[in-house]
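Subject: Handover of a structure

Dear colleague,

Please find the structure below, followed by a short account of what was found in it.

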Amino acid sequence: MLISKNWLQEHVDLAGLGNGEIDDILTFAGVEVEGITEQGVSSDLVVVAEVRQSEPHPNADRLSVCQVDAGEADLRQIVCGAKNYKVGDKVPCALPGASLPAGFTIGETKMRGVESRGMLCSATELGLGTDGSGLMILPADWQTGKPLHEFVENDTIFEIEVTPNRPDLLSHFGMAREVAALTGRELKRPDIPPVETAPAGDAVSVDGQETCPFYTAVKIAGVNVGPSPEWLQQKLEAIGLRPINSVVDITNFVLHELGQPLHAFDAAKISGGIKVRMAADGEQFAALDEETYELTSADCVISDQAGTALALGGVMGGLDSGVVESTTDVILESAWFVPANIRRTARRLILHSDSSYRFERGVDPQGVVPASALAAKLIVEIAGGALSSPTFAAGSPPVLTGTVRLDDDRLHQLTGKSISLDDANAALARLGLIDTGFGQWTVPSYRLDLQRHIDLAEEVVRVAGLDAIPARLQATAAAPNATDARYDLDLDLKKQLAALGFFEAQTIKLIADAQLRDALPLKPLQDGDLIRVSLPLSEDHGVLRPSLAPGLLATAARNARHGAAAVRFFEAGRCFRNAGGGKATDLENDSLGILLGGAAVPASWTGKSPAPADAFALKGIIEALLPRHAVQFSPLDSGPFLVAAQVQADGKPVGVFAQLAPSRARELDLDFPVYLAELDLAALRTLRGAPADVEDLPQFPGSSRDAALEAPAGLANAEIEQAVRKLNEPLLVSASCFDVFSDPTGEKLPVDRKSIAWSFHYRAADRTLKSEEVDAAHQKMLQHLEKSLPVTFR
């Protein structure tokens with residue numbers, strides 16, 4: 001939200017407060033200032049000038065050569081591209097050396113061979129408006145040569161991020177009320193005439209009180225719709241709004257002045273009275289944004305008695321019912337809508353406006369009638385006409401606030417008695433609360449967030465300032481516990497993965513149904529195992545993730561679309577599921593997801609393009625995370641993946657592995673093989689946290705033997721690894737596969753067979769082995785493999 005400092009000063013005196021001080025006051029009180037923009041020109045080198053001559057540029061059709069009087073002895077020649085001026089107009093002239101808000105400095109130059117000694121400026125170039133289509137035409141009575149800042153007031157615009165629980169700050173008066181409370185300065189209230197409402201009768205009927213409990217309307221006849229006065233246009237332009245006409249501008253002004261959305265209807269386009277009703281399923285509504293929306297029975301519509309939809313309640317007006325220049329009679333709407341209903345409609349239709357932004361968060365129910373009164377007063381003053389009806393009211397404003405007790409003892413406990421009770425009471429009074437005695441405070445209708453003691457205590461601390469509470473050491477160090485140990489183990493794991501070249505990802509815990517095909521859960525999912533969100537914010541956030549893989553793949557796809565040649569990501573996070581088809585519900589487990597794809601090493605001038613990473617690279621990563629444990633992949637049903645396997649450590653399952661199917665990789669714009677692993681983080685903690693066994697470096701040499709095994713083509717290498725470990729040969733130090741051969745032609749080896757080359761390394765801890773000992777151990781291994789597996793040795 002944009003706040004104009006000049007506008008703010010109409011309600012609270014900011015004398016002596018610089019922009020930085022205002023920023024600090026709001027920020028330390030919990031109101032985030034996202035940006036500060038200076039509007040206007042303070043330089044004396046931007047002056048009022050009069051165009052004396054204007055001739056076409058000899059070398060450019062779209063340029064003109066102007067002679068301007070800038071209050072100097074001689075006329076100044078300036079080349080200009082605008083066409084909206086005439087000789088005799090007064091315009092802003094930036095002399096050489098002037099610095100403009102856009103960040104550039106004016107100098108003397110030649111444009112297409114013609115000297116130009118300055119620049120004639122538009123409102124946009126000076127930060128004084130949004131109209132950049134031509135020069136800013138100044139009033140004829142402004143003195144030539146005088147600095148522009150003597151006639152045009154500079155301003156400062158604060159960009160404020162208002163939290164959803166503080167809708168009372170969504171206006172200039174609301175923000176002034178906050179600043180006045182924080183600084184102790186006097187609050188100047190807007191001049192709003194008192195208004196008595198009358199029963200609506202036939203003028204207004206409300207059939208949807210569950211969405212609109214309070215609706216008011218007043219008719220103003222005989223208005224003359226035209227451009228708004230300059231002061232009103234300047235206020236709206238300062239906060240980025242485009243002036244439309246006097247009536248519409250007044251409703252926008254009151255919205256940003258008081259925070260209450262209004263809407264003005266052309267009375268001639270309304271048949272009978274106004275009817276507030278729920279829409280019919282499939283009803284079509286043409287909105288002001290010139291789009292047509294299909295409504296449901298959950299949407300609130302403002303219509304006439306003939307049933308024509310005039311506005312979508314709390315969201316946006318209709319295309320054909322608004323005020324235009326030919327309008328003579330206006331019906332002014334001011335209402336209170338239930339926030340949840342407006343939020344649902346705006347999000348479903350993806351139709352958001354300044355009005356819906358405020359109604360979604362909750363406006364002040366007691367501000368409905370005053371806002372209408374202020375707008376009606378301004379319409380009569382600016383557009384003429386007169387009130388031709390009382391302010392009709394249907395329903396009554398809901399009471400959303402009440403009395404809250406400030407507990408003295410709990411306040412002192414919270415602040416360490418650094419804020420006295422008198423100061424606390426003064427702070428609450430400055431915020432508009434009324435002391436009813438015995439610690440009870442009546443909360444104003446605009447502070448919907450104050451419901452409990454702790455809310456009042458927070459307000460006291462905000463007004464007093466956190467600096468008023470001295471730091472005290474009121475806790476002692478605690479002994480390390482299991483939670484600390486888990487944190488340390490997880491941090492070490494993340495540091496190791498980062499050292500291995502991986503980047504940590506943090507993805508949202510809600511995924512779309514379409515992403516479930518990418519899930520790689522630790523245990524297969526059955527019907528009923530998914531946990532769905534009953535009222536998701538969007539279809540992309542409808543399921544609690546049962547796996548980290550969908551989020552990692554989405555992250556990899558985004559990076560690949562930005563040109564990444566390799567993707568290496570990991571995420572440690574919580575997954576959610578039921579089990580047994582829903583028999584066990586709401587289970588949560590901590591998982592570690594790893595994704596690897598693309599070039600195995602960065603490209604280098606020293607060699608050719610690097611080969612892509614493969615499944616064994618990811619297996620090596622897992623082995624590096626579990627250095628004292630034998631890691632093995634055991635094949636599984638691949639499902640939607642190209643291949644899948646169970647990850648085992650010392651023969652016990654710790655996770656799952658898969659390679660993404662090429663068709664799915666292409667859908668995600670991943671033009672290289674992608675490998676995924678999802679590991680049980682609790683199991684990793686146990687394995688990595690176990691005490692390490694320290695062994696002496698070997699003092700005696702070892703000896704290696706190779707063996708070529710001929711085996712069926714379908715025999716998995718994991719089965720050979722299991723058989724080797726099962727023998728538990730005491731002299732065997734390591735064994736690994738180093739070559740695989742097959743012959744598709746069947747000439748050298750049958751098509752259904754393959755040759756696998758393994759290397760076995762033997763060593764004893766207490767002596768140098770003799771060849772006979774190594775041969776005996778090796779023969780024992782080969783015989784064991786022949787008995788355990790369908791293999792022969794070549």
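The largest pocket has a volume of about 1000 Å³. A pocket here is an open set of points on a 1 Å grid over the protein atoms alone, where a 1.4 Å probe fits, with protein on both sides within 12 Å along at least five of seven lines; the volume is the space filled by probe spheres set on the points. The model is predicted: local features need pLDDT of at least 70 and side-chain atom pairs pLDDT 80 or more, whereas totals for chains, interfaces and linings use all residues. Residues are numbered from 1 along each chain, and side-chain values use heavy atoms, without hydrogens and water.

The pocket lining comprises 32 residues (an atom within 4 Å of a point), with K619, V631, Q632, N717 and E721 nearest the centre. Strand β37 (732–741) contributes the most to this lining, with 6 residues.

Elsewhere, the axes (lines fitted to C-alpha atoms over the stretch in contact, with angles from 0 to 180 degrees between N-to-C directions) of helices α10 (421–430) and α11 (453–464) come within 9 Å and cross at roughly 95°. The two helices are therefore roughly perpendicular (65 to 115 degrees). Their contact (heavy atoms within 4.5 Å) involves A424, A427, L428 and R430 of α10 and L456, E459, V460 and V463 of α11.

Finally, 5 strands form an open antiparallel sheet in the order β5-β4-β3-β6-β9, where pairing requires at least two DSSP bridges. Strands β3 and β6 are joined by 5 bridges, and A49 has V91 of β6 as its bridge partner.

Yours sincerely

Technical notes:
Helices (H or I, at least four residues) and strands (E, at least two) are DSSP runs, numbered from the N terminus. Angles under 35 degrees count as roughly parallel, over 145 as roughly antiparallel, 65 to 115 as roughly perpendicular and the rest as oblique.
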